Amino acid sequence: MEILHFATDTTPTVLTDTGQIPEDGLIWVDFCRDEAQHWECWAEPLIGVPIEPQHVADSHNPTHPSFFDGTLDYDMLMFQGLGPRDRLFPLETRTAAFFMFERVLITIHAADNVSMSLARKKMLEGRGKPPDSVLKIAHTVLDTMVDRFLKIREPLDAYFTELQDELLDPASKTDDWRTLLAGRRMVRKLEWLSENQLEAIDAWRRGTRSDWSANEEVRMRDLSEHVDRLLDHARDQERDIESAVQLHFSSVTHHTNKIVQTLTVLSAIFFPLTLITGIYGMNFENMPELHWRYGYFFALGLLVSIGGALLYLFKRRGFF
Amino acid sequence: MEILHFATDTTPTVLTDTGQIPEDGLIWVDFCRDEAQHWECWAEPLIGVPIEPQHVADSHNPTHPSFFDGTLDYDMLMFQGLGPRDRLFPLETRTAAFFMFERVLITIHAADNVSMSLARKKMLEGRGKPPDSVLKIAHTVLDTMVDRFLKIREPLDAYFTELQDELLDPASKTDDWRTLLAGRRMVRKLEWLSENQLEAIDAWRRGTRSDWSANEEVRMRDLSEHVDRLLDHARDQERDIESAVQLHFSSVTHHTNKIVQTLTVLSAIFFPLTLITGIYGMNFENMPELHWRYGYFFALGLLVSIGGALLYLFKRRGFF
Amino acid sequence: MEILHFATDTTPTVLTDTGQIPEDGLIWVDFCRDEAQHWECWAEPLIGVPIEPQHVADSHNPTHPSFFDGTLDYDMLMFQGLGPRDRLFPLETRTAAFFMFERVLITIHAADNVSMSLARKKMLEGRGKPPDSVLKIAHTVLDTMVDRFLKIREPLDAYFTELQDELLDPASKTDDWRTLLAGRRMVRKLEWLSENQLEAIDAWRRGTRSDWSANEEVRMRDLSEHVDRLLDHARDQERDIESAVQLHFSSVTHHTNKIVQTLTVLSAIFFPLTLITGIYGMNFENMPELHWRYGYFFALGLLVSIGGALLYLFKRRGFF
Amino acid sequence: MEILHFATDTTPTVLTDTGQIPEDGLIWVDFCRDEAQHWECWAEPLIGVPIEPQHVADSHNPTHPSFFDGTLDYDMLMFQGLGPRDRLFPLETRTAAFFMFERVLITIHAADNVSMSLARKKMLEGRGKPPDSVLKIAHTVLDTMVDRFLKIREPLDAYFTELQDELLDPASKTDDWRTLLAGRRMVRKLEWLSENQLEAIDAWRRGTRSDWSANEEVRMRDLSEHVDRLLDHARDQERDIESAVQLHFSSVTHHTNKIVQTLTVLSAIFFPLTLITGIYGMNFENMPELHWRYGYFFALGLLVSIGGALLYLFKRRGFF
Amino acid sequence: MEILHFATDTTPTVLTDTGQIPEDGLIWVDFCRDEAQHWECWAEPLIGVPIEPQHVADSHNPTHPSFFDGTLDYDMLMFQGLGPRDRLFPLETRTAAFFMFERVLITIHAADNVSMSLARKKMLEGRGKPPDSVLKIAHTVLDTMVDRFLKIREPLDAYFTELQDELLDPASKTDDWRTLLAGRRMVRKLEWLSENQLEAIDAWRRGTRSDWSANEEVRMRDLSEHVDRLLDHARDQERDIESAVQLHFSSVTHHTNKIVQTLTVLSAIFFPLTLITGIYGMNFENMPELHWRYGYFFALGLLVSIGGALLYLFKRRGFF
Ligand SMILES: [Mg+2]
Ligand SMILES: [Mg+2]
Ligand SMILES: [Mg+2]
Ligand SMILES: [Mg+2]
Ligand SMILES: [Mg+2]
Ligand SMILES: [Mg+2]
Ligand SMILES: [Mg+2]
Ligand SMILES: [Mg+2]
Ligand SMILES: [Mg+2]
Ligand SMILES: [Mg+2]
Ligand SMILES: [Mg+2]
Ligand SMILES: [Mg+2]
Ligand SMILES: [Mg+2]
Ligand SMILES: [Mg+2]
Ligand SMILES: [Mg+2]
Ligand SMILES: [Mg+2]
Ligand SMILES: [Mg+2]
Ligand SMILES: [Mg+2]
Ligand SMILES: [Mg+2]
Ligand SMILES: [Mg+2]
Ligand SMILES: [Mg+2]
Ligand SMILES: [Mg+2]
Ligand SMILES: [Mg+2]
Ligand SMILES: [Mg+2]
Ligand SMILES: [Mg+2]
Ligand SMILES: [Mg+2]
Ligand SMILES: [Mg+2]
Ligand SMILES: [Mg+2]
Ligand SMILES: [Mg+2]
């Protein structure tokens, strides 16, 4: 548990006395989920507002989908962001809970939540305009969470481009369908995540207990627009994966086609030749050609002529 | 029929006199559907409110989809939950009917409805805050029903993961399409169930005759969110099944391709060799090679050379 | 033309004098479409309300889709129901027109409309509570129409289950795609019908000139819910048919695969054997093996060994 | 340019003086698009209302999609209808522009717009009730346009039924995919046209400057319903075409399957027979069977037995 | 940076003094994005309105999707248009930012933004009615941007028609799937662009701080309708590409079918002929036919008869 105190227009200070809340300015109480098993027992007497048991239960769920719910006394936002390692496989997520009271913001986050630390550091260093409302503190954290999400678009693109190129390269022998499909599953999870984020922000706008100032509205719409961009990117990615699948099927079908054609051409050439040797291999007594002086060479010539003619014919028709 | 009486702020008591209703507190009358053939004849005089014939007819339907309807005097909710055995195949459902009057909740459930018993037991043991409205009693039952539903996500995942792994394992010879498709049908039924639950809760919120308190609103949104999670899970599951189908088709097509290639390579190697033996099996009188001392060995050498050269060629081209 | 008179709280009576309308109670005038070519000329002076020409034109269309339209003086509902024979192929429909005035209901139906007769009979026999509004008379007819629709779900299920089982049975030789696709077309028509019914009831609720009583609202929502169940069933049915199509394609592809594999195995076994007989069928003078005492048996042994070894190899690899 | 004057309750008269507008009744000014290059210069002073340049530009576009736009002074409707020839390929369209002022309707149409002439003729002959508002004149034209559209449903059905039957007939050798796909493109254009018509009528209802009378509302809803029927028909048609495509693919796949099976059966029968003749064609000195008296006939019998047994086996397994 | 001053009803003049703003008329300040790194520092004191940091950040993003956001003091519109070269591959876009204050329009555009120059030139030359509001200046630019977009419909059509014709031409040997799929990706980007443009215009209409005049409403609806036409065209294009893909698959499958058929016919003809030569190539002592005078010619006749009969049979069955 860490408490930041935002007095008017100055850099925030870290409070060490956790048993009391300053009478002026804004307060941000940040819990690590492990140490927050009974955070409501600490918070309710200090703030003087009861917290719904359902909301407390939600705040303990480390994989809760993005979700907003509000009461007359406070707004609650669950926001599911990227895990600590920025890595793509498996896509890890961390859900942070935001409880926004009149002057107090309480956040509950995973021990390894990177965005929370980044945002706190940014504020402690006095970067950006000092917040004049609880929502602006929360916005700074959310903005950091969404920014980290937006940044995975580039590695994602690089990853899929390589995967698709390898899959569609005729020279390559890898046939790595499972990886591509695992990638599609991840992209769908991204879509689902950003859709839920959008829905939660939207529900927040419609259901908030505090009237947002014009400036707060601008910030939240900007946040939505950034999430929407991630969503559009994920949808695009998914359609490209579908296209790669379709293209691969097309090329396999085409390849099979070529092979069957080759087989047919081979048969069409060798079947008649073999028949001719079969004919002159028969043991009839009276077979005039067998006694011709150049019968054998005539037969060889016949084989070469027929084979050559058929080859020429098939070549001209573009069969191989 | 079992009647529970909730006096203010105490554990409920079971009423044995069914001919009368206490003048204070909340009452929950719980009917088993088998014994509830004329429950409205019992209820109307005691509560003093007429019940719509359409609603009575609905309450007797054990497979009625989730549905809300309200009048000026009471709210009716049909809620379709999981059957008693938690088993996946066939997916059994039980629909419970909730009639919510001013101070009285009447429920009609199947004889083997597990959730109803669990919720009643929980209340009789005094777990949780005592309800101060009929809606909160109903919410406790609904919450139990939805929780049981959410718990089937894990066995469902395990089941489909195993099924897909087996189907896609090249070593395995099972080709168990029917089971997978039966599973998809079940997942679709789950989707349909949770969509209808969401619609019913939503219609309830919009159409309820009683104004919900802030705390009741929070509970119902929490309930909706839990159902929505089940819905999202089922949709995800369905898309994964589609992917498995696609992957299987891909691998079958690929396999056919490989086999046809092998056939073509075999033909391309043996056709010319057989032609050569055919040529030297012809019976022409004048065939010089036949009289060469090492003609036979020359022919054998020819066969080995050509066969080997073709093998080498195809190997280098990666044909097998 | 048949006129029923509903005096307060009694069984209706059939009026024989068609030139006049009783001053009290409700009146239901039921026209057969054949005899109703100028029904508006009869109705307008008696009721004292002009009827829109567009509505009259609609009422003469025996296959008009379900549709609601209202004016300040009356509500018009076109409702497309099941034809007289309950049979599935071809799916026959009958559209009935309902004109609902203050005290008068005018219906125009096909000569063989079963639902209309059933509803009239039910009312004349005094079953059900006597209607106290024109809408309740109409509801009784609509309820009968929808009930007949709901009952075709069972034969529909039976029909498609049999069709699919036959199609997917490997033993069966029928390949009855056309019937299945005709069935899908029928299911789509069912979907279209129930969607239009839902839309029409919904438009009626929003656009009716009379304020519906609470009891009338309950009845109409119940009606909607029944139609919605038919719609959900039809959608489910359609998806099952798609699944059957997919499954059949899968099994055909799999079967082709097996056959091509067999062909390849045959070639792989017989090509080398035939080559060996070709070699010992060559006519070279100097072929030592030919003069061995047991050369022939050695060759036979060679054929059997190679053939057996290949068979064993392919068997072990699971090729047949 | 042709001007019709509708005095109250009489048949309209054709005005010849185009420099002035009667002070009473309704006026319909009908421009042919070729002669209407500066129609607004003529109209603005006479009507006393400025016309938006964007609207004038739209009115000159002969292929403008259906579209409504309104100002405080007038309603503008672009309505895209069927071309003059009722023919299906290529589907020709004509867009007519309607400008509806207080008492004046201005229409701009293509030189060969059939519907406009039909509607004018109908009014001049005094058929139908005389219009008492500008909207009713416009409705008469629109109704004619939509009626002509509805009439192409029958030739469309006939056309596609024939095309599909031919394509799916196994005896027919045509493989006329391109025509079917061209047909699908046309059906999609129909869908697009009727969707836009619906949207335009809907935008008109929501955005009109004049309050529509109850009777006008009825007429416009009737118009919408007719367009909606065309839309539903086109969607149905499109799905049927998809089905035909699927069915064709199924039958081609099935056919290939049968052919490959035949090839396999041929190989399975002839490979062993050819091997036997190869064996007895070998030139070993010591081959006892060759010296048997009936060795040859024994060999022939062997060939016939094996061939017959294999044939019987394959026949019994249903392989051909 | 270029400043245009629009005094009432005259052609605009270019201002050279950038440190001050005229007290009357409208002002358009046009920044090139490269030189606009701190445009807000210049603008805020002159206009007297603070600009949101999020909006400034957006205005620097050269590939920001179309987006509207408004405050009480100004409207901000990001509009993504076509790049400078009108070329299709790769589809280049340029996003222009519009900040609309009471009397001042600030635009930030890419250095090579063509539309902006075209619009400025048009206004400086006094073409069109002089604008009487900031929105009308912006509309002139947006209209130019959308017009350039609409013009790529024709080259797009030509491009895809050629590509599809080549792909589907059986004579052509190109199999240019990648190009077609790249085209589809571009068409999807077009769809996405115009969808976002429509959404942005729509959000503008709903969220603008200034009440739009009737004439401004007409202009913006006209703009929307033009974008919607592009969107419809792109959707159409995409569906046509899907059709071409499907048609190609169909023709490949059909072609494979034909080849396999040919192979089967070849086998069916040559297998029995080869068997006959094998039979008469056996070395039995007692083979009567071998000693017939015309045995050889009888055998040749047999070969020809059987071969001819089979050929005739297959020809009649339409197998080749
Ligand atoms: Mg969503
Ligand atoms: Mg959701
Ligand atoms: Mg933004
Ligand atoms: Mg969006
Ligand atoms: Mg978007
Ligand atoms: Mg939804
Ligand atoms: Mg639903
Ligand atoms: Mg929750
Ligand atoms: Mg949802
Ligand atoms: Mg969801
Ligand atoms: Mg619908
Ligand atoms: Mg409809
Ligand atoms: Mg019901
Ligand atoms: Mg439903
Ligand atoms: Mg529904
Ligand atoms: Mg629905
Ligand atoms: Mg549309
Ligand atoms: Mg549109
Ligand atoms: Mg109609
Ligand atoms: Mg519609
Ligand atoms: Mg619709
Ligand atoms: Mg419709
Ligand atoms: Mg969208
Ligand atoms: Mg959209
Ligand atoms: Mg968007
Ligand atoms: Mg949308
Ligand atoms: Mg326009
Ligand atoms: Mg649109
Ligand atoms: Mg559109």
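How many residues of chain E are in contact with chain A? I looked this up and found 52 residues of chain E in contact with 44 residues of chain A, contact meaning heavy atoms within 4.5 Å.

Conventions. I am working on a predicted model, where local features need pLDDT of at least 70 and side-chain atom pairs count only at pLDDT 80 or more, while totals for chains, interfaces and linings use all residues. Residues are numbered from 1 along each chain as its sequence is written, chains are lettered from A in the order in which they are written, and side-chain values use heavy atoms, without hydrogens and water.

Area. I noted that chains E and A bury about 4,300 Å² between them, 60% of it on carbon and sulfur atoms; buried area is the accessible area (1.4 Å probe) that two parts lose on being put together, summed over both. On the chain E side, Gln54(E), Arg188(E) and Tyr296(E) lose the most area to chain A, together 15% of what that side buries.

Salt bridges. I found 2 across this interface, by the rule of a side-chain nitrogen of Lys or Arg within 4 Å of a carboxyl oxygen of Asp or Glu. Asp69(E) forms a salt bridge with Arg221(A), with the closest N and O atoms 2.1 Å apart.

Cys41(D) is in no disulfide either, the nearest cysteine sulfur being that of Cys32(D), 18 Å away.

Terms used: Disulfide = S-S within 2.5 Å.
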